[in-house]
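Thanks for coming, everyone. I'll take us through one structure, pair by pair. Have it open as we go.

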2 protein chains.
Amino acid sequence: MPKIKFLPQNIEIEAEDPAPLLEAARLAGVSVETPCGGKGVCRKCLVKILDGKVEVQAGSYRNHKENHVLICQANIINEPVTVEILAGLYGEEGQFDDLSTPVYLNNSETDALIKHVDLTIAKPALLDGFSDFDRLEKALKNKIDFEVLKIALDVLHDLPDKIRTPHDIKIFYYIDAGILNIADISGGAESTENYGIAIDIGTTTVTLWLIDLYTGEIKSRKTDYNAQIECGLDVITRINYAQKHLEELRDRVIRTINNLIKIVCAENNMDCKKIRAAAIAGNTVMTHLFLGICPEYIRLEPYTPAFYKLPLFNAGELLLDINKNAPVKIAPAVGSYVGGDITSSALSTPLISDKSEEIILFFDIGTNGEILLGNNEFILGCACSAGPAFEGGGIEFGMRASRGAIDGFKIDNGEIHITTIGDAPPVGICGSGIIAVAAEMFRHKIIDAAGRFTNKMPDRIKKDKKPHKFYITEQISISEADIDNLIRAKGAMFSACRTLLNNTGLTLEDINKIYIAGSFGKYLNITDAVTIGLFPDVGKDKIIYIGNSSIAGAYQTLMSGSKREKEREIAERITYIDLSGEAGYMDEYLAALFIPHTDLNAGGFSE
Amino acid sequence: MPKIKFLPQNIEIEAEDPAPLLEAARLAGVSVETPCGGKGVCRKCLVKILDGKVEVQAGSYRNHKENHVLICQANIINEPVTVEILAGLYGEEGQFDDLSTPVYLNNSETDALIKHVDLTIAKPALLDGFSDFDRLEKALKNKIDFEVLKIALDVLHDLPDKIRTPHDIKIFYYIDAGILNIADISGGAESTENYGIAIDIGTTTVTLWLIDLYTGEIKSRKTDYNAQIECGLDVITRINYAQKHLEELRDRVIRTINNLIKIVCAENNMDCKKIRAAAIAGNTVMTHLFLGICPEYIRLEPYTPAFYKLPLFNAGELLLDINKNAPVKIAPAVGSYVGGDITSSALSTPLISDKSEEIILFFDIGTNGEILLGNNEFILGCACSAGPAFEGGGIEFGMRASRGAIDGFKIDNGEIHITTIGDAPPVGICGSGIIAVAAEMFRHKIIDAAGRFTNKMPDRIKKDKKPHKFYITEQISISEADIDNLIRAKGAMFSACRTLLNNTGLTLEDINKIYIAGSFGKYLNITDAVTIGLFPDVGKDKIIYIGNSSIAGAYQTLMSGSKREKEREIAERITYIDLSGEAGYMDEYLAALFIPHTDLNAGGFSE
């Protein structure tokens, strides 16, 4: 059993021999992106062999000079190996999730989804007529007001012993529709640790926070690729795939979540049964798939989902590897394409949540883009399909915003300067990098308003075959096709924004704040985004990046009853606009397929 | 794969070869009693090989003349076999359960635990803002008054398709603590059959009724031995066994129940998922074991059980093979040894249930005996350990009341006349048979008041070694030890009855009715029972046999909301008397160890 060490995570495991290296990585809990399903074609899973040897499948891509191989094509031979993951997510705490994400939770209103109470239970007495359960109920009634008591069967199993320990016991419970549900009891010398998890299920990535429910402290934040990406990059492909493979999609996202749970539990050296509540936010298709409900009717007129809001479930029935009696709350959706992630985001976005009079625009940028526009009097919400360009998809050298991704690009005196995430050797370009490259090329007139290469910097451009390519480094290029993808993505977002404004009669001058959500925003240069026309140019000081606001909202609802109430209100306040039903949207879209916009003076926009 | 045919059930299966014959019987759903756990020592599993050959383990008991073998010691060889089960329960419909058991259910108050409603669901419409779940909720609100709606996850899975079928849908739901829970939906052309089960979990036998919930019709009644009997014959032995083997005991009773479910479903050619509610009654120890809760504290001072009454559970969490969302109701217990079976029995006993002024005595006779005494103003309840004699246990040739058991015994002019259940050749003596034998022997002065053999009918008696035996047939005898067991059993019951009377200051003259419950009563001759002193002699017309009143009560609570309410009331009305805490009980018991009683005139009793 050779030892395999993974860097930068610095995790070492003993692997079977022979075995695929990818399997060893998964065993080690090291995430590797394999969007092509491990077929060796997408080249996204590049790793560097720092020490030792692996066997690489004949004909598969490798770079002998850098000692780069595709992990999906490599097999362990009987030899220890040290592997550097070039594009992994784990091990770089907070790389995806901004640790400074504002959470806006007032501690005084802490009222977690699962609550706890310490009880002293009367000793059993001869012929007192009280069973263990009766005495528990009596003790609870002395402390809490409730009508009906329910107890999970496995808790009942342990009740007789726990109730007879000489110590007080701690009851973990939640109140749902007037019923007090006992989810767990810790008795005697048992640990009374109590954790919750907040989960954002994105089409591309899944983020999980582990939270100490006593203090609200976020103990761990982890992100992994949604294992569904091997079945399609966007929600429409997933819906189609679900027709025949619903169970597979459900399994994949549950596996992703359970793996994250395993990792945060290991990191905090704790038993996953101490996680006693979960708050989940995801787009409408993702929550359908997570629950195992086929989302096909979302795609078919009249585009009706199975649910918007749902009662609480138990973790056990949702197959989550936490305490099986943990209540699981799923953020309510607003429309087929404005899901619980947006409700949850709106909750954690202060001016929306606080019903400010100021008019705000909210952009959640990802494979699907969602936009909110409103204030205390109204909120409109819509969604558009931007495609995967912002997440590095559909771009030849595109990759997600992880180690080795080019995220900055400057041209100075004809010299190209790049920056990469983690200052690692460049392995591709992430979404914000593509925007930076396109914006700088546009500023230097290397591309025109239609995204075509001009005759500037010809030594960097290869026009021998289509699509024409601009070489950023010796290995990594961006093509006219890539730029076209980017323009279509930003055009979809921008025209959606224009359509919402048209619906309300507002202009950009009326906007007080623009909030940018989504993990991609962290590396984004706002000026670049305005340059290419992704965001309207309202002045840089009005644009605020708020990170993964969806999970921030999930966190708030996990911790606070008033936030849960507010989230329900917000879901009702948002009016869903279906862009496919809006007459003007397609015109706006076609008009927006230029950098920055067709008509530089239209609607008050300026370059 | 040789064919194995079982009679009288007339079930034929293809069996593996070689394989134990017992396994083939279980595969065929044919119940065989193996209280010794298949070790070949108790000789209760005698079968007759009518055709073909089996291999019998060397040294094990067999009767070559009758071609009797112990099924637990027989193996199938490569040959078809026809086996006659001599002491089985199945295949003799209603043998255990009196089909004429009065059920006392007024059809007009039918209000089953699971209800149904037909709904016409509005079609989905573009941008109406309603999900499938919202439209379902709206349609339900038009018909039913409720605050909170919950839906089982697997029902939600099918909702989108079912709600789009051109037909109306039928919702199966139950209301629990103000929450409307949707357990199932049938849509389109799906069958709308709706069944419930009532289950009586006895220490020795488990009885199950399948009920059509639309009409209340009892479609099937089946009884099988509780598979726990291999782990001990009485509740105390079970409690001890549970210390180390709780899961095994739970598995065994669940297996017994699920096997009965399989059989009634096969008999009615239906899918077990159409069973959408269950009402269960059992003694306190049995319900603890069924739920997987260790009953050890019931046996230890202060004898406190984990629960008396519990909220509803789902069939899925209780591992019952019916619709997993079916609500399962467990009858509330009164004391550690006066369980939900007695509450349930009291419910189906009209004078108790109807709060009559008449004073009644209620006897449930089994391994544990329970007695109720009371009227509309009070009810006292107590339990005593009669031991297994009434069920044929602890008696050399004892057997349960099934095919081939001697249940009647007369001596006429020195000639012995016996009757057997099913008119089959005698294979043993059941509880009522033992009472008949003892009573007739006492009447003919073959035994004295202490149960010792006199010098009558010496040719039938063998005194060469202890215990002395009286031969009923050439093969089957009853010994002084057997009669001693019987006297101790009846003494326990009778003295319990005396103690209750002493507690109230009532005498036998005050009793208006005596109800006898328990499967054993069906074959019981009341005169014989009075002769040996099991029941007080209040006049035959005051004694009524009501059969398995426990399952009758479970049936009523399955079908009627007002009965469920009444059962809760009854559980509160019964005052539990712990005989072990009653000073006079032991004196009464010692005094009752004679036939019929020590003091023929004590307390108004007469022979």
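Buried means under 20% relative accessible area, exposed means over 50%, and partly exposed lies in between, with a 1.4 Å probe and protein chains only. Now the ground rules. This is a predicted model: local features need pLDDT of at least 70, side-chain atom pairs count only at pLDDT 80 or more, and totals for chains, interfaces and linings use all residues. Residues are numbered from 1 along each chain as its sequence is written, chains are lettered from A and ligands numbered from 1 in the order in which they are written, and side-chain values use heavy atoms, with hydrogens and water left out.

Salt bridges next. The criterion is a side-chain nitrogen of Lys or Arg within 4 Å of a carboxyl oxygen of Asp or Glu. Over all chains, the search of the whole structure finds 42 salt bridges.

Take B:R164 and B:D132. Their side chains form a salt bridge, 3.0 Å from N to O. B:R164 sits in the loop between helix 3 (153-162) and strand 12 (169-176) of chain B, and B:D132 in helix 2 (residues 132-143) of chain B, so the pair ties together parts 32 residues apart in sequence. Helices here are DSSP runs of H or I, at least four residues, and strands are runs of E, at least two, numbered from the N terminus. Buried or exposed? B:D132 counts as buried, at 0% relative accessibility. B:R164 counts as partly exposed, at 24%.

Next, B:R276 and B:D184. The closest N and O atoms of this salt bridge are 2.7 Å apart. B:R276 is in strand 17 (residues 275-282) of chain B and B:D184 in strand 13 (residues 179-186) of chain B, 92 residues apart. B:R276 is buried at 1% relative accessibility. B:D184 is buried at 14%.

Then a pair within one helix. B:R568 and B:E565 meet in a salt bridge at 2.8 Å, N to O. They are three residues apart in helix 13 (residues 561-573) of chain B, so about one helical turn separates them. B:R568 is partly exposed at 44%, and B:E565 is partly exposed at 38%.

Chain A has a network. Salt bridges link A:K410, A:E440, A:R443 and A:D528.

On to strands. Two strands pair if DSSP finds at least two bridges between them. Strand 29 (residues 513-517) of chain B has four of its five residues buried. What does strand 29 of chain B pair with? Strand 20 (residues 360-364) of chain B runs parallel to it, joined by five bridges. B:I360 has B:K513 as its bridge partner there. Strand 30 (residues 543-547) of chain B also pairs with strand 29 in the parallel sense, over four bridges. B:Y515 stands opposite B:I544 in that pairing.

Chain B also has an open, mixed sheet of six strands, in the order 16-15-14-17-19-18. Its edges are strand 16 (218-225) and strand 18 (313-314) of chain B, each pairing on one side only. Strand 18 runs antiparallel to strand 19 (residues 327-330) of chain B, with two bridges. B:F313 is opposite B:V328.

Last, helix packing in chain A. The axes of helix 7 (residues 340-348) and helix 12 (residues 549-559) of chain A come within 7 Å and cross at roughly 75°.

How values were computed
Axes fitted to C-alpha atoms, helices over the stretch in contact; angles between N-to-C directions.
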